[in-house]
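Welcome, and please take a moment to look over the sequence and turn the model around. The paragraphs below walk through it step by step.

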Amino acid sequence: MTAPVHLGLDVGGSSIKIVAVDPDGTVLRHDRLEIDPRRHPAEAAERVAARVADLAPATIGIGSAGTIDAAAGVVLESPNLPGWSGVAVRDLFSTSLGRPLAIDNDANCAAIGEHWLGAGRGARSVVVVTLGTGIGGGIVLEDRIWRGASGTAGEIGHVPILADGGPPCPCGSRGCLETLASATAIVRLAGERLAAGEASRIRPGAFTAQDVAAAARAGDDLARRVMESAGRHLGIGLAVLVNLVNPERVVLVGGLAGAWDLLEDSTRRALSRAAFRRPVAAVSVVLGTLGELAGAIGAARLGML
């Protein structure tokens, strides 16, 4: 008898990652579809249906960027997916794919994935922090995803780190962790220092956080200090989580997690200084193990629950 197939979709600002897994989580197939985030998701739903037409998934889960009403199946708002905001995405994809499905925030799905099969496996309390263009998070407590009263739990990127202002954040506030420790923040801070005339091998203009990390590894002092600053603020943000949630593990995922070698020392120092001794002693801060498929694998698991 053939084992059932479970489908997971991870919707980001420019693409949808698709995975098919068996009941044990073994990835049978994975794919990626480029999308235009400004267009209505009906087009994406039809393209996904065509791409997986040869499958007959037993369950389907979707993780989407943005604020999600998981119970109603609606993407309430998503700055990275403007065409999806206010759309009943669950029902739309269910119609196209011919199956009932579940939907949640992409960071929650990453947390579900890492808790199920990745670096959070075996721990009953896990916080997954997504480090990339922005910063997000998902919380697993007592083996269950914690969504909070309005479905927005885990938004670690919008914890205010600077009490007296700080850089403006897309959320409308200032001094949020995302403005100080994300890939976007690293590029902004490096640009500010270059504009102030500081010497660096980084060329002013179009550069990325990966370029700053590469320069730091090559010994560039400006780049090294920028990465240390990001790590220090990340550590303060993690201290909030550690004091508040007291998790067994904090799992770091996302593109910027690839620069952990440059962030780790300053992050751990700041975490140890800012958090209580007992919860710091109880937590392990580790890198995720599922890579870029964490969200899609978590989405597949979401559909199975």
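Predicted model: local features only at pLDDT ≥ 70, side-chain atom pairs only at ≥ 80, totals over all residues.

Residues are numbered from 1 along each chain as its sequence is written, and side-chain values use heavy atoms, with hydrogens and water left out.

Strand β4 has a partner in β7 as well: four bridges join β4 to β7, again running parallel. In this pairing, Ile-62 stands opposite Ile-103 in β7. How many of the residues of β4 are buried? Six of its six residues are, which leaves the strand mostly covered. Buried means under 20% relative accessible area, exposed means over 50%, and partly exposed lies in between, with a 1.4 Å probe and protein chains only. In a regular strand the side chains alternate between the two faces of the sheet. In β4, Thr-59, Gly-61 and Gly-63 point one way, whereas Ile-60, Ile-62 and Ser-64 point the other way, and all are buried.

Helix α10 also meets these strands. Nine of the eleven residues of this helix (residues 294–304) are buried, so α10 is largely enclosed by the rest of the structure. Among the buried ones are Ala-294, Ile-297 and Leu-302. What do the buried residues of α10 pack against? Their neighbours are β1 (6–11), β2 (15–21), β3 (27–34), β4 (59–64), β7 (102–105) and α3 (106–117). Contact, throughout, means heavy atoms within 4.5 Å.

A loop residue comes next. Ser-78 is found between β6 (74–77) and α2 (89–97). Is Ser-78 buried or exposed? At 3% relative accessibility, Ser-78 counts as buried. Leaving aside residues up to four places away in sequence, Ser-78 touches Ala-65, Gly-66 and Ser-85.

Now turn to an open sheet. Five strands form it in the order β10-β9-β8-β11-β12, and the pairing is mixed. At the edges stand β10 (144–145) and β12 (284–287), each with a single partner strand, so one side of each is left without a neighbour in the sheet. Strand β9 (residues 135–141) pairs with β10 in the antiparallel sense over two bridges, and Val-140 stands opposite Ile-145 in β10. In the loop between β9 and β10 you will find Glu-142. Phi of Glu-142 is near 50°, a positive value in a residue other than glycine.

Another such residue is Asn-246, with phi near 55°, also a positive value in a residue other than glycine. Asn-246 is found in the loop between α7 and β11 (249–253), and at 44% relative accessibility it counts as partly exposed. Helix α7 (residues 221–245) contains Asp-221, which at 39% relative accessibility counts as partly exposed. The C-alpha atoms of Asp-221 and Ala-199 are separated by 8.4 Å, and these residues are 22 residues apart along the chain. Asp-261, in helix α8 (residues 260–274), is partly exposed at 49% relative accessibility.

Finally, step back to view the whole. The protein has ten helices and twelve strands. The C-alpha atoms fill a box of roughly 60 × 45 × 35 Å, taken along the principal axes. Buried residues make up 52% of the 305 residues. Among contacts with a separation of 6 or more, residues 24 or more positions apart account for 61%.

Definitions and conventions: Pairing = 2+ DSSP bridges.
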